[in-house]
Amino acid sequence: MRVYAITGGTNGMGRALGLLLARRGDRVLALASGEAGGRALLDRAREAGAGDRVDFLRADLSTVAGMNAALAGVRERADRLDGLVFGAQRFRPVREETADGLEATFALTYLSRSVLGHGLVDLLERGEAPVILNIAGPGGLPGRVHWDDLQLTRGYTGMRAAMQGSRCNDLLGADFPARHPGARTRYVLYNPGFVRTGMADPLPAPQRLLTRVLARVLARSPEAAAADLARLLDAPPAEPVSAFRRNTRLDLSGPAFDPGAAAGLYALTRALPLDGGPPERERHV
Ligand SMILES: NC(=O)c1ccc[n+]([C@@H]2O[C@H](COP(=O)([O-])OP(=O)(O)OC[C@H]3O[C@@H](n4cnc5c(N)ncnc54)[C@H](OP(=O)(O)O)[C@@H]3O)[C@@H](O)[C@H]2O)c1
């Protein structure tokens, strides 16, 4: 029985993947901030005959306290991981700051993945063929990292924040082997394309309606995307880091994965004034 932790495991692709894995006999720990979503997931798992293989851990991954609680909660429940899947997201049309003074999309979409990925490597290294699967947007809409204003205090738009999150995740993946030389854990960045999920829920009414109509016509189901995700968990590429846009393997020699920029983002992340932040929680292998 393999063991998987999935952030954003109560909706969209995270939920579809978790149910797929649990149905086939694996153990799944789903993390999300909403209790109701967790209960609904457990109901679905029971209906699917997999109730004893799905666990829910409530944690607000946009806050440092929530990231720490998630690290501790995963450790309480598992002594090894075969896969760590990042799917937590919330689109924020208006800039919001977390209790730590960070822009919320940066904190949830990028920082929590940095903290959990680095902080759980030791559990992954005990897994059979461990994988970090970061569902983000490699090879998709461009956007950029706002090096001089990572917290987007100027000119915030929800799209700009979401795109910056994707670019930061590209660099996070590219940088992973440098932080964990010799690790068996494979880092896979995956852009699923347009998928019919809860993504549109936080949008203002007109955009929400439009996105849902477009999704009905153009997007694929979370279950279809989950099948691709499960294949990558089962058979990741041999290279320490890889990136895909749907089933197309991406070239990592482009600027999105530049090692210098990746090291720069790592340094900036280490320097964030977070009490007990990422550097202390890292475990090098
Ligand atoms: N859908 C697409 O078309 C698409 C396209 C490209 C990339 N992606 C990427 O694919 C991944 C999965 O997206 P999705 O569309 O499947 O997501 P989704 O349906 O919107 O689900 C988001 C999940 O994240 C959780 N979440 C939100 N805020 C959280 C917080 N503060 N702490 C912990 N968990 C939180 C939600 O639960 P709670 O609200 O209860 O916390 C939910 O389980 C994301 O990384 C997204 O950027 C999606």
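This is a predicted model: local features need pLDDT of at least 70, side-chain atom pairs count only at pLDDT 80 or more; totals for chains, interfaces and linings use all residues.
The largest pocket holds about 1,500 Å³ of space. Its lining comprises 49 residues, and those closest to the pocket centre are Gln 89, Arg 90, Phe 91, Thr 197 and Met 199. Several elements each supply at least two lining residues: helix H1 (12-23), S2, H4, H6 and helix H7 (205-218). H6 makes the largest share, with 5 residues. By class, 21 residues of the pocket lining are nonpolar, 23 are polar and 5 are charged.

The whole structure contains 3 cavities of 30 Å³ or more. The largest cavity has a volume of about 40 Å³. Its lining consists of Tyr 110, Ser 114, His 118, Leu 171, Leu 172, Asp 175, Ala 262, Leu 265, Tyr 266 and Thr 269. Helix H4 (104-119), helix H6 (158-179) and helix H9 (259-270) are the elements that give two or more residues to this lining. H9 gives the most, with 4 residues. The cavity lining divides into 6 nonpolar residues, 3 polar and 1 charged.

Strand S2 (residues 27-32) pairs with strand S3 (residues 54-58) in the parallel sense, over 5 bridges. Within this pair, Ala 32 stands opposite Arg 58 in S3.

Notes. Residues are numbered from 1 along each chain as its sequence is written. Side-chain values use heavy atoms; hydrogens and water are left out. On a 1 Å grid over the protein atoms alone, a cavity is a set of points where a 1.4 Å probe fits but cannot get out, and a pocket is an open set with protein on both sides within 12 Å along at least five of seven lines; lining residues have an atom within 4 Å of a point. Grid points are joined across faces, edges and corners, and a volume is the space filled by probe spheres set on the points. Ala, Val, Leu, Ile, Met, Phe, Trp, Tyr, Cys and Pro count as nonpolar, Asp, Glu, Lys and Arg as charged, and the others, Gly among them, as polar. Two strands pair if DSSP finds at least two bridges between them.
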